[in-house]
Amino acid sequence: MSRLDEIANSLLDFDGIRTSDWTRVAIEEGVPAVEILNRGLLPGMKNVGERFRSGDIFLPEVLLAGKAMKEAMALLKPAFQREGVSRRGTFAIGTVKDDIHDIGKNLVIIMLEGNGWEVTDLGVDVPTEEFCSVVRDKAPDMLGLSALLTTTVMRLQEVIHALEADGLRKKVKIMVGGAVVTQAYADKIGADGYAPNAVEAVELAELLLNR
Ligand code: B1M
């Protein structure tokens, strides 16, 4: 079994120690961070999600897998930075109000930082007003909004409306993402862009910055 399969399987076993150990081994053996992410951690987490949806596993197990993924991502962060390039722009990002999912957002952050962006992480369950005050006070080039639930996706539009009402909308480019978000929804609410994953988020951020 390859290192990357070991990583994916350890997530399915909710075994954070093994996930971190195999991630460390892969890094030491020179496997690029993006490979460890795309061919180890992400397939493992996808399977966890599928098993959760089909009722094979329950929330405590998902939490354990999420924690294992977070720890492995912390190990990958320096590798992403080493493999990254020069400084780009500034990016503030958070998960919208009533939503505490942050694994995907944190991945986006790691990839952005690894590609030279200066990122402010606003965290999870971020009130709409906080997104507005960050744009007002910190004037980032980009604002990123993440939503994972059908019950929180409407917050994306809420933030855009609030920025418009405060006269701030034109001051920042807005990127949205998260499992429940689609390109069609992003277009409908007037976001500047949508990315389905962390790799494309970085590509899109660069595109939007230069637009
Ligand atoms: Co939650 N959860 N969860 N959960 N959880 C989902 C999202 C769900 C699809 C599971 C399911 O039913 N199959 C479902 C949502 C259903 C829906 O609304 N359509 C769900 C539910 C229902 C819930 C609770 C309501 C469960 C409950 O309490 N009954 C609850 C809600 C809590 C809340 O937020 N208020 C809940 C709780 C949790 C945990 C706390 C246990 C844990 C979160 C831990 C954490 O994040 N720290 C958790 C997890 C882990 C999941 C699943 C299994 C995995 C999510 C994940 O991390 N995926 C998830 C099932 C799934 O998505 N398959 C599920 C890996 C991650 C890398 O992908 O987050 O999609 P993702 O991010 C991607 C892209 O979306 C994109 O790039 C990332 C990297 O490629 N992306 C962006 C994300 N943000 C972006 C922003 C961008 C651009 C791209 O620009 C700004």
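Reader: Why are α2 and α4 called roughly parallel to each other?

Author: The axes of helix α2 (residues 16-28) and helix α4 (residues 59-83) cross at roughly 15° and come within 8 Å, the axes being lines fitted to C-alpha atoms over the stretch in contact, with angles from 0 to 180 degrees between N-to-C directions. Angles under 35 degrees count as roughly parallel, over 145 as roughly antiparallel, 65 to 115 as roughly perpendicular and the rest as oblique, and α2 and α4 are therefore roughly parallel. Their crossing is right-handed. The model is a predicted one, in which local features need pLDDT of at least 70 and side-chain atom pairs count only at pLDDT 80 or more, while totals for chains, interfaces and linings use all residues. Residues are numbered from 1 along each chain as its sequence is written, and side-chain values use heavy atoms, with hydrogens and water left out.

Reader: What makes His-101 a donor to the cobalt atom of the ligand?

Author: Its NE2 atom lies 2.2 Å from the cobalt, and N, O and S atoms within 2.8 Å of a metal (3.2 Å for Na, K and Ca) are counted as donors. His-101 is the single donor from the protein, and it sits in the loop between β1 (90-96) and α5 (103-114). Helices (H or I, at least four residues) and strands (E, at least two) are DSSP runs numbered from the N terminus.

Reader: How do you know that strand β3 is mostly covered?

Author: Five of the five residues of β3 (142-146) are buried, a word that stands for under 20% relative accessible area, with exposed over 50% and partly exposed in between (1.4 Å probe, protein chains only).

Reader: What makes β3 a partner of both β1 and β4?

Author: Two strands pair if DSSP finds at least two bridges between them; five bridges join β1 to β3, and five join β3 to β4 (residues 173-177), both pairs running parallel. Ala-92 has Leu-143 as its bridge partner in β3, whereas on the β4 side Met-142 stands opposite Lys-173 and Leu-145 opposite Val-176.

Reader: Which strands are called edge strands in the open sheet of five strands?

Author: The order is β2-β1-β3-β4-β5, with parallel pairing, and the edge strands are β2 (118-126) and β5 (193-194), since each pairs on one side only.

Definitions and conventions
A crossing is left-handed if the near helix is turned anticlockwise from the far one by less than a right angle, and right-handed if clockwise.
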